[in-house]
Amino acid sequence: MSIFGRVHMPSLDGATGWLNTEPLSPDELHGRVVLVNFWTLTCINWLRQEPYVRAWDDGLVVLGVHTPEFEFEHELELVRVATHVRGIDYPIAADNDFEVWRAFDNHYWPALYFVDREGIIRDQHFGEGRYEQSEEVIQRLLGIDRGHASVEAEGVEAEADWNHLRTPETYLGYARGERFASTEAAAYNEPGGYQQPGSL
């Protein structure tokens, strides 16, 4: 935080590993426009946002911060595979201990932080959407004026059909699971057998 109440990009020292780069710091990024992108490899909202981030990767530094939501997402090799499959070549800080997450006081996947050349966070956005506005923030920080990037998202990266969604977001596991549908009671912290209900 500066004396004027503007938030500077926090330290990245808490990163537990790096992909596509040597370790980076805010000082090394000073003078560059930076888009900090918090994500986790199984987050559908991040998967739908990622084609836009890749399309904006022209003239700015995109810095991915992979902060795992689930235990298996701590495996750096899985993150490496995900970056390869998605065609991600920008720097990725592995944040297995949530140190970078806490330094940004972040609470969401995905989360975007828009950092100007002086290292000041000028905007932020959480979740999907707001793509044109986000791109306009980037262009303003870069000092350019051009049309919006063309994005052709396919497969798992395709935008949700919000008008026809019939199933809410689903978490497996009892800690966050909802709408348990089996006729048997849920077994906690032990294996259990369940019958598929006639309908969901």
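Me: In which loop does asparagine 20 lie?

Reply: This is a predicted model. Asparagine 20 sits in the loop between β1 (17-19) and α1 (26-29).

Me: How should I class asparagine 20: buried, partly exposed or exposed?

Reply: Buried means under 20% relative accessible area and exposed means over 50%, with partly exposed in between. Asparagine 20 has 43% relative accessibility, so it counts as partly exposed.

Me: Which phenylalanine has a positive phi, and where is it found?

Reply: Phenylalanine 98 has a positive phi of about 65° and is not a glycine. Phenylalanine 98 is in the loop between β4 (92-94) and α4. Its relative accessible area is 22%, so phenylalanine 98 is partly exposed.

Me: Where is there a cis peptide bond?

Reply: The bond that joins tryptophan 109 and proline 110 is cis, with omega about -20°. Proline 110 belongs to the loop between α4 (99-103) and β5 (111-115).

Me: Which residues make a nonpolar surface patch?

Reply: A patch takes residues with over 30% relative accessible area and no salt bridge, and nonpolar side chains are joined within 5 Å. Here Phe70, Phe72 and Leu78 make a nonpolar patch of about 240 Å². Phenylalanine 70 is placed in the loop between β3 (61-66) and α3 (76-86). Its relative accessibility is 31%, so phenylalanine 70 counts as partly exposed.

Me: Now the whole chain. How many helices and strands does the protein have, and in what order do the elements run?

Reply: The protein has 5 helices and 6 strands. Starting at the N terminus, the order is β-α-β-α-β-α-β-α-β-β-α.

Me: What share of the contacts joins residues 24 or more positions apart?

Reply: Among the contacts in the protein with a separation of 6 or more, 69% are between residues 24 or more positions apart.

Me: What are the overall dimensions, and what percentage of the residues is buried?

Reply: Along the principal axes, the C-alpha atoms fill a box of roughly 60 × 35 × 35 Å. Of the 200 residues in the protein, 42% are buried. The protein exposes about 11900 Å², and carbon and sulfur atoms supply 49% of that area.

Me: How many positive and negative side chains are there, and how far apart do the centres of the two sets lie?

Reply: The protein has 15 positive and 34 negative side chains. The centres of the two sets are 5 Å apart.

Methods: Residues are numbered from 1 along each chain as its sequence is written. This is a predicted model: local features need pLDDT of at least 70, side-chain atom pairs count only at pLDDT 80 or more; totals for chains, interfaces and linings use all residues. Side-chain values use heavy atoms; hydrogens and water are left out. Helices (H or I, at least four residues) and strands (E, at least two) are DSSP runs, numbered from the N terminus. Buried means under 20% relative accessible area, exposed over 50%, partly exposed in between (1.4 Å probe, protein chains only). Contact means heavy atoms within 4.5 Å. Accessible areas come from the Shrake-Rupley method with a 1.4 Å probe; for residues, only the protein chains shown count as cover. Lys and Arg count as positive and Asp and Glu as negative; His and the chain ends are not counted. The place of a charge is taken as NZ of Lys, CZ of Arg, CG of Asp or CD of Glu. Patches are made of residues with over 30% relative accessible area and no salt bridge: like charges are joined within 9 Å, nonpolar side chains (Val, Leu, Ile, Met, Phe, Trp, Tyr) within 5 Å. A salt bridge is a side-chain nitrogen of Lys or Arg within 4 Å of a carboxyl oxygen of Asp or Glu.
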